[in-house]
Amino acid sequence: MRILFTGGSGKAGKHVVPYLLARGHRVVNADLVALDVEGVDNLIVDITDSGQVFNALTSYANFDELEPGTGVPKFDAIVHFAAIPRIMIKPDNETYRINTMSTYNVLEAAVKLGIKKVIFASSETTYGVCFADGERKPDYIPLDEEHPVIPEDSYAMSKVVNEVTAKSFHQRSGFDIYGIRINNVIEPHEYAQNFPDYCANPDQRRRNFFAYIDTRDLGQMVDLMLHKDGLGFQIFNCANEGHSVDLTTDQIIERYYQGVPQAAKMGEDETFFSIKKAKDMLGFAPQYDWRKQL
Ligand SMILES: NC(=O)c1ccc[n+]([C@@H]2O[C@H](COP(=O)([O-])OP(=O)(O)OC[C@H]3O[C@@H](n4cnc5c(N)ncnc54)[C@H](O)[C@@H]3O)[C@@H](O)[C@H]2O)c1
């Protein structure tokens, strides 16, 4: 597929883009900075500017596309990852503005240009636990996509708004628009760097529901979504199978989730960030268990 990928130069994108290239997709990375990876086409785009988004979506990817003499090829899909990826990087209002306007621009352009598949990065933070002031527990465990999303911070608010915007553009167009509530992204080098500390101090994983997502497994999720048509508007949690700490499910519940209703029976090392929907509807099968990566 010919894909416009926003934010491909970032922490997640710089792994997901090569994953998609390796599966034969053509990828144009629309970002404020280029990605130095063999085979990707880069276009410097500020996606908070609607004109730039429309223009990028109607441009040649590279010189080879001039050769057939048949005009600019159409994009088959957009994968939208560009964002300010948490609070405390920019002032809160800027995080909110950049994330909501860029997503509006991408979705509007996709719908008006007839690009019928959009995959966008939402976040685990929508559930409100991650950036809460003080400790906030989930309403129930494991958290599925039906859990309420009433966060307290500008970043997670922007992601909730983006999901509503996406649902509205789906309503107008009928196009497939899939959001990924991505858990804490882990790059391959971060296993050795971080996981011994996560095991020694599991408290620091509480705000992520003790979950994580490997960048390559995130690539698998995006690729599955590109190939799966006809689901309409959907939101999927995305995490690896197990906990990111060396504790069992029961031990974590005992320490951190006392009094939290348990909505489903859980396995001994089963993520609290339920990926059942992605497994059932997309065939998602994460490969990278942290214990094997260390
Ligand atoms: N990293 C995580 O743990 C995590 C968890 C959940 C969700 N997410 C979401 O996943 C996506 C990717 O996150 P990441 O960690 O790779 O973030 P990142 O900050 O590393 O990468 C984001 C990329 O977007 C680009 N960008 C920012 N503003 C832009 C603009 N106006 N125009 C064009 N490009 C712009 C940046 O240059 C950067 O390359 C984001 O939407 C983020 O909110 C990340």
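**Helix packing and cores in a predicted model**

Helices here are DSSP runs of H or I with at least four residues, strands are E runs of at least two, and both are numbered from the N terminus.

A word on the source. This is a predicted model, where local features need pLDDT of at least 70 and side-chain atom pairs need 80 or more, while totals for chains, interfaces and linings use all residues. Residues are numbered from 1 along each chain as its sequence is written, and side-chain values use heavy atoms, without hydrogens or water.

Back to the pair. H1 covers residues 13–22 and H6 covers residues 215–227. They pack at about 50°, with axes 8 Å apart. Axes are lines fitted to C-alpha atoms over the stretch in contact, and angles run from 0 to 180 degrees between N-to-C directions. Who makes the contact (heavy atoms within 4.5 Å)? From H1, His15, Val16, Tyr19 and Leu20.

Now, what is buried in H1? Gly13, Val16, Val17, Tyr19, Leu20 and Leu21 are. Buried means under 20% relative accessible area, with a 1.4 Å probe and protein chains only. These residues pack against strand E1 (2–6), strand E2 (26–31) and H6. Just after H1, Gly24 takes a positive phi of about 90°.

Next, the cores. A nonpolar core is a set of buried Ala, Val, Leu, Ile, Met, Phe, Trp, Tyr and Cys residues joined through side-chain atoms within 4.5 Å. The largest has 57 residues, and Phe81, Leu218 and Tyr257 have the most contacts inside it. Beyond four places in sequence, Phe81 touches residues including Phe5, Val16, Ile182, Leu218 and Val222. A second, separate core has 26 residues, including Ala30, Ala61, Leu107 and Phe175.

On to H3 and H4. H3 spans residues 92–113, and H4 spans 154–173. They pack at about 15°, axes 9 Å apart. That makes H3 roughly parallel to H4. Leu107 of H3 is one of the contact residues, and Phe169 of H4 is another.

Last stop, His147. Where does His147 lie? In the loop between strand E5 (117–123) and H4. His147 is buried, at 5% relative accessible area. Leaving aside neighbours within four places, His147 contacts Tyr127, Pro138, Asp139 and Tyr140.

How values were computed. Buried < 20%, exposed > 50% of the residue type's maximum accessible area, 1.4 Å probe, protein only. Contact = heavy atoms within 4.5 Å. Parallel < 35°, antiparallel > 145°, perpendicular 65-115°, else oblique.
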